[in-house]
Amino acid sequence: MASPGEADVNASHVEGKGKKKQPPARYWQELPDKEKGENKDEGQVEQQQEEKKKKEQQQTQKAKKRKRDERPRDGKRVISGKSDPFPGPVPVPQDRMQKFKRNDNIRKTHRKHYKLKEIITRSADASDMAQKQAARFDILLPEDAGFLEGDEDEDTCTISQEDIADAVDITSGAKYFNLKLCQFGPYRLDYSRTGRHLLLGGRRGHVACLDWQSKQLMCEINVMESVNDVKWLHTEHMYAVAQKKWLYIYDSNGIELHCIRKFNDVLRMQFLPYHFLLATASATGFLQYLDVSVGKEVAAICTKTGRLDVMCQNPHNAVVHLGHTNGTVTLWSPNQKDALVKMLCHQGGVRSVAVDKTGTYMITSGMDKKMKVFDVRAFKPLRSYFLPAGASCLSLSQRGLLSAATGDVVQVYRDVWSTPVTKPYMAHRVRGSVWGLHFCPFEDVLGVGHGEGFTSMLVPGAGEPNFDGLDANPYRSAKQRQEWEVKALLEKIQPELITLDPTELGQIDQTTFEQKHQVRVDALGFDPLAKEKFVPKFKKKGRSSAGGVERRKKQVAHEDQRDVIRKTVEDRRKMEEERKKMEEKKGALSSKKSALERFRK
Amino acid sequence: MLKIPRNYDPSLHPFELSREYTRALNATKLERVFAKPFLSSLDGHRDGVNCLAKHTRSLSTLLSGSCDGVVKVWNLTKRECVRTLQAHEGFVRGMVVRYCGSSFFTIGDDKTIKQWNMEAPGYGEEEEPLNTILGKTVFTGLDHHQKKGVFATCGQQVDIWDEQRSTPIRSFSWGVDSFSSVRFNPVETELLGSCASDRSIVLYDMRESTPLKKVIMTMRTNTLCWNPMEAYFFTCANEDYNLYTYDMRYLEKPCKVHMDHVSAVLDVDYSPTGLEFVSASFDKTVRIFPKDAGHSREVYHTKRMQHVICIKWSADNKYILSGSDEMNIRLWKANAAEKLGVLAPREREAVNYSQKLKEKFQHYPQIKRIARHRHLPKNIYHQRNELRVMKEARRRKETNVRKHSKPGSVPVVSEKEKHVVSVVD
């Protein structure tokens, strides 16, 4: 048996003498003569085969040698002649590649556009490389995601928040806390996009914003009016509060910046961060969009569906979803006066709607105590769950955990769309009935606003563990934030670009039939497909009976032609007679035999 | 600097396409904002600038000759004149720097060819040409061989001169009485092209005794310039407002007709990359054309610039120099929005990124409209519209004639074929 070392020694200099050369054995290769002692016959056969192989090798030695030289010289080449056992770059797992796949299948041109073909192949290569590099980089991400795992026969939903807080490190444990605010509740809440700041709005006028991780209060005011909803704007320096009558914007010191009288009776708000749009739904049935970068109302749409109390946004395409009391969910963009889509989701009113961050799934809960999962790309129901108490609030985390509030119990579900769920992943009872739910971005924390204040609970596996420093960076400095703000404002997407399919901008705009038709009309000077103009019939009294009309038509139809027909018939008859006469004459003439007839053969 | 962790997960970066589009739109707008191509004007000549010459070795040196026979040498970094010499009586018709950069040749209306030292004479010494050749007729064009001590002049015939001799080593003529310019091919160094006053472009091989080929066009060609990268191609500036790029092998029709000027094109020069060329016109504008585009990508004009007579593209591909009637030489950027000076790596990265974005979204109507927009002087704008109307009318008439005549008797002649009368071998 040749060890790898021996093989190398043999291979070193004897090639020239015509000795048989074996490739160096490898430890991962199965050694052919391992079982030689056990069954000799087979061994012999193997030997013969080996000899044959060797002969073949000898023949192809030259070719192989050439081949070896051509091998790419990546990795370190050892002096002894060994080559890298793992040549080439490390393969990237397929699922990671899939994650970074873009849906840009460029159609190949059938015609001979050589330049275009080259451009297409080059850009396809570039995107392939980008995909591969991104997937490779993904392996190196510092943090991993994980979920709470119970012991055998232990439900994770029975584990209490105190137990989790005790088990984890102090910093994480400190993220479980209660704020007892029983005076002005119940509370609505909102986390800023980086997840560092929390905004609380009590129904009875209490508005507070705080850096919740360090528990530092930034400002606390009482607006002396009922508060319907609160929302952070693009930074943690401004927030919008929907009050009893108007919409107000405050800064983080609690100073009122704007009172927007165009937006009245606002009940719910959503902020579209990349468009700098604040979408508001009001009690009067209006959906309004405010561009917060320039302070202009972009669109005001009368939905004609009554009080709008259920609202959420699709983070994938910035379409606003509204839930209505008749059980429908409607999808809206600021560019269209009526709904993009209307879906009947529930029997009875819709209580809450949530859309996941990839824009694939929509979760709704209704008065019929059902919670349903829809595919919002195909508008199809996927799953339906029955919750005995019915969910009043829904919220989806970055990694797809669903929290549903039923009365004063907050339940968190895992994988609601992929597998049928029977038990919640976690559950927690708060002091009062739940009024607002929100997962904190980039943290395993769920904020619950309720009648007795605010509870921050730990939900392992909720937040995205790896943030992107250039997009929403929880640890950004003031300088970085300023820079980000300028860049974000420069990259503000125009509201006209909000569509159901966000990649629609990249698709080829083919000329429609109307456009082609318009071009044709312009060229011809008239519309060839136009309907004939309606010309009313001129009717006379008493002359419009069907029979009379028919008779009149007959008369008229042939009256003017009769003379002509008669004449032509006469003419034709005369002509025929003349022709006959002529023929008779001819016949008479031809019947007389000429003198020369007799010579005929 | 703080470390910035990245996560390229597409779901963390929604609206990829719309954001890229917005970035591209901004980049296009910024490009137009920063498009300030005019750098400086070099004044000092007492008469119109008639010819320019690039130094073959030094980027910062420029030579210019004016209509009163004065030649000036300029330092472009300091933007000042370093030397002035009265080279000729009457016009300086042509000027060329020897390939080694040690001396230069000038020709003038006084029928002389003079060779000058590139070094200025010492203090108190007089400007003296190294060599003077007295010719029989007036010379109108001059060019030097790339590697040998041989140069070519044109006038009543095309002459090839050896630097050491006072008579031409070879003379070419093909039944024409005058030539306006002659150019050596920079790649196939033995080839020459010249423009004659009988509307023809004649090609020569220096090693042969007779001219190679000639193509006769409908209007006279003023100058031609060879592509420095592709030996077969040359572009010629024509009196009929157009430029034509020819493949030397197939002169039957030009490869491309470049239209946009509204008056006769007087001079043309290729960029050292061979991808673009710049043209100077009687309509007081300078235009830059990609070599395979029918229309210009850029137009330069100022209120004060008069008929542009000569143009040069600098050897570092960054600047354009134009000499015009009103005694000024102007220095332009070749890329109007380019930032001059050293770029920091991040700056360079940002520029490259925005360039790529502009390229990706160039066909989007909004972006295309902004990128294409150029302000034109009123008269040029109106003239352009007028030309468009005339062309349309001509086309309409032709179609009408075709419609009312026997099928096939009025053939369709493409724009490329229209301007070539015949090719003579």
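**Close-up views of a predicted model**

**View 1. A nonpolar patch on the surface brings together Phe137(A), Ile139(A), Leu140(A) and Tyr8(B).** To join a patch, a residue needs over 30% relative accessible area and no salt bridge; nonpolar side chains (Val, Leu, Ile, Met, Phe, Trp, Tyr) are joined within 5 Å, like charges within 9 Å. A salt bridge here is a side-chain nitrogen of Lys or Arg within 4 Å of a carboxyl oxygen of Asp or Glu. Ile139(A) belongs to helix α5 (residues 114-139) of chain A. With a relative accessible area of 43%, Ile139(A) is partly exposed (buried is under 20%, exposed over 50%, partly exposed in between; 1.4 Å probe, protein chains only). Helices (H or I, at least four residues) and strands (E, at least two) are DSSP runs, numbered from the N terminus.

A word on the model: it is predicted, so local features need pLDDT of at least 70 and side-chain atom pairs pLDDT 80 or more, while totals for chains, interfaces and linings use all residues. Residues are numbered from 1 along each chain as its sequence is written, chains are lettered from A and ligands numbered from 1 in the order written, and side-chain values use heavy atoms, leaving out hydrogens and water.

**View 2. Negative charge gathers on the surface of chain A.** The patch is made up of Asp151(A), Glu152(A), Asp153(A), Glu154(A), Glu162(A), Asp163(A) and Asp166(A). Asp and Glu count as negative, Lys and Arg as positive, with His and the chain ends not counted; each charge is placed at NZ of Lys, CZ of Arg, CG of Asp or CD of Glu. Look for Asp163(A) in helix α6 (residues 161-167); at 44% relative accessibility, Asp163(A) is partly exposed.

View 3. Pro186(A) sits in the loop between β1 (177-180) and β2 (187-191) of chain A. Most peptide bonds are trans, and most residues other than glycine have a negative phi.

**View 4. Lys304(A) has a positive phi of about 55°, though it is not a glycine.** Its loop runs between β13 (296-302) and β14 (310-313) of chain A. Lys304(A) is exposed, at 74% relative accessible area.

**View 5. Lys284(B) also has a positive phi, about 70°.** The loop between β23 (276-281) and β24 (286-290) of chain B holds Lys284(B), which is partly exposed at 30%.

How values were computed: Accessible areas come from the Shrake-Rupley method with a 1.4 Å probe; for residues, only the protein chains shown count as cover.
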